[in-house]
Amino acid sequence: MLVTTRLLVNGRIYSSFAPDATSIAITDGTVVWVGDERAGRALHPAAEVEDLGGAFVTPGFVDTHVHITALGLNLVGLDLVGANSLDECLSRVRTFAAANPETAHPDAVIWGHGWDDTEWADQTPPSTEDLDAAAPGRKVYLSRIDVHSAACSSALRDGISGLAETAGYSADGPLTFDAHHLARNAARNLLTEDQRASARTAALDLCASRGIVAVHECGGPDISGLTDFQELLAHDHGVEVRGYWGERVDSESDARALLDKTGAHGLGGDLFIDGSLGSHTAWLLEPYADQPDSTGNAYLDVDAIAAHIRACTLAGVQAGFHAIGDGAVSSAAAAFRKVADELGGPKVAALGHRLEHAEMMSMADAETFAALGVIASVQPVFDALWGGTDGLYATRLGVDRAAALNPFAPAAGKGVSLAFSSDAPVTPIEPWAMLRAAVQHRTDGSGISPRAAFSAATRGAWRAGGVRDGAAGTLNPGAPASYVLWEAGELEVSAPADSVQRWSTDPRSRVPALPRLAEDAPIPVCIKSVHRGRVVYQRGATSE
């Protein structure tokens with residue numbers, strides 16, 4: 001088919017090809033030609049022509065860190081995101097419990113996610129007593145917004161052997177650390193196959209409707225469980241899923257065996273070195289400002305991290321880790337240096353190993369990651385939600401330390417490759433808002449350009465998944481036909497000149513424009529998503 005934007009009228013093409021190109025020819029799911037519309041018609045006389053009518057086209061987005069079933073459970077179940085008080089949170093639980101009597105069955109669970117006590121006036125999280133009152137006798141699991149702690153009812157707790165003796169246990173408050181992992185596993189095991197299937201379909205449909213054509217699922221034994229992970233990899237949907245399994249190995253043979261057992265594409269993602277700042281479990285080099293007797297939690301030391309990197313490197317597979325605090329990030333850097341000294345830097349760099357989140361990355365560590373080809377899979381909306389002088393980061397760390405978090409521009413300046421993601425359901429599936437957050441960083445000097453942000457969500461994201469052909473994430477000839485049509489909005493020709501942002505300030509660069517990413521700018525609306533020639537979303541119709 002021939003897709004034309006008719007740029008001479010009011011369209012735009014967003015890709016790395018010349019901005020005066022007016023048509024794209026696609027055959028068998030691959031871009032085969034880009035150029036003038038008349039020449040395109042001559043070269044492809046039998047092509048179907050799709051007039052975009054003022055819409056613009058971009059390469060499809062890739063989200064490099066998601067939890068698909070958990071996201072779907074939010075969409076079809078109990079969503080606590082945005083609850084502005086403990087009372088509202090508990091009211092949502094009561095309403096959901098009353099409307100879903102089937103969850104009163106002894107083997108059923110009320111699964112909810114998204115409460116954020118730091119946004120509440122008294123900052124008091126839900127307790128077990130609160131849940132027992134809101135949903136009497138029901139098994140209730142409510143994960144915090146960062147998914148590193150959860151409030152659980154007595155009915156759920158009572159079925160977990162050894163919980164009270166586990167690190168992170170609280171008699172009435174939210175469970176953290178290993179106690180949370182036990183509770184999450186218990187709650188997850190109560191979900192039915194139908195619940196999981198409907199949840200993942202809802203989540204993948206949402207991704208497609210937001211212009212995301214591929215996602216990287218970050219599963220693991222303490223996150224989604226092997227059954228859900230393998231069900232997701234086998235799930236028939238047009239959105240491509242690359243699976244990362246967060247379980248540590250000690251040898252090359254262990255790595256190969258775990259790949260065979262799980263079907264994973266890489267052994268990383270949420271392989272925890274530490275926890276989260278919101279739950280006071282991120283591993284810090286200096287104590288928390290609001291908990292001066294704590295530096296968080298460490299799941300892995302340098303030797304354990306290095307053993308996993310070494311095993312994966314020898315097996316020829318991507319390794320990766322969840323690391324948020326500076327203690328965790330610096331330990332990861334030390335481990336990468338240790339393995340590079342043993343095996344050689346080029347051998348380590350060739351695999352494109354990953355670090356997820358890397359919120360407290362020092363520039364010394366950034367130089368290590370850049371030199372060894374370690375890719376940072378980061379979440380710009382974290383800064384939008386929790387950055388600034390009065391946000392969660394400042395509360396947990398103090399204003400000065402908080403200002404250094406998520407240093408996108410400084411890290412990129414050191415040569416670190418960035419890939420963007422949502423960590424959904426932690427932050428919403430909305431790629432344009434993600435790009436906006438990366439550009440409009442709350443710390444001066446940490447935001448990146450619109451062009452760099454767009455690249456981190458497309459070409460950089462494909463590279464983070466091991467695709468290094470130079471074509472994926474573009475609409476150049478030879479690239480997969482993975483693209484999205486967007487409602488033009490302020491990109492119409494009649495719009496004022498300042499309604500768009502250019503990838504370069506140099507007019508000689510002749511690069512296309514990007515939507516205005518200011519706070520007051522409208523978010524582009526997805527019309528159609530196509531991945532490898534297959535329509536995965538069409539506005540007004542169901543996905544194929």
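For sorting residues here, Ala, Val, Leu, Ile, Met, Phe, Trp, Tyr, Cys and Pro count as nonpolar, Asp, Glu, Lys and Arg as charged, and the others, Gly among them, as polar. What you have on screen is a predicted model, where local features need pLDDT of at least 70, side-chain atom pairs count only at pLDDT 80 or more, and totals for chains, interfaces and linings use all residues. Residues are numbered from 1 along each chain as its sequence is written, and side-chain values use heavy atoms, with hydrogens and water left out.

A cavity is a set of points, on a 1 Å grid over the protein atoms alone, where a 1.4 Å probe fits but cannot get out, and its lining residues have an atom within 4 Å of a point. Grid points are joined across faces, edges and corners, and a volume is the space filled by probe spheres set on them. Searching the whole structure this way turns up five cavities of 30 Å³ or more.

The largest cavity holds about 310 Å³ of space. Its lining is made of 27 residues, and nearest the centre you'll find Asp-146, Val-147, His-148, His-322 and Asp-423. Sorted by class, that lining comes out as 11 nonpolar, nine polar and seven charged residues. Helices (H or I, at least four residues) and strands (E, at least two) are DSSP runs numbered from the N terminus. Helix 6 (177-188), helix 14 (380-386) and helix 15 (392-397) each put at least two residues into the lining of the largest cavity, and helix 6 gives the most, with three.

Now for the second largest cavity, with about 100 Å³ of space. It is lined by 13 residues, and Thr-69, Ala-70, Ile-223, Ser-224 and Asp-228 are the closest to its centre. Helix 2 (68-76) and helix 6 are the elements giving two or more residues here, with helix 2 giving the most, three. This lining splits into five nonpolar, three polar and five charged residues.

Finally, a look at the backbone. Most residues other than glycine have a negative phi, and most peptide bonds are trans. Val-147, back at the largest cavity, has a positive phi of about 60 degrees without being a glycine. You'll find Val-147 in the loop between strand 10 (140-144) and strand 11 (149-152). Val-147 counts as buried (under 20% relative accessible area; exposed is over 50%, partly exposed in between; 1.4 Å probe, protein chains only), because its relative accessibility is 18%. A cis peptide bond, with omega about 15 degrees, joins Ala-424 and Pro-425. Pro-425 sits in the loop between strand 18 (418-420) and helix 18 (431-439).

Notes: 1 Å grid on protein atoms, 1.4 Å probe; cavity = no way out; pocket = protein on both sides within 12 Å on 5 of 7 lines; lining within 4 Å.
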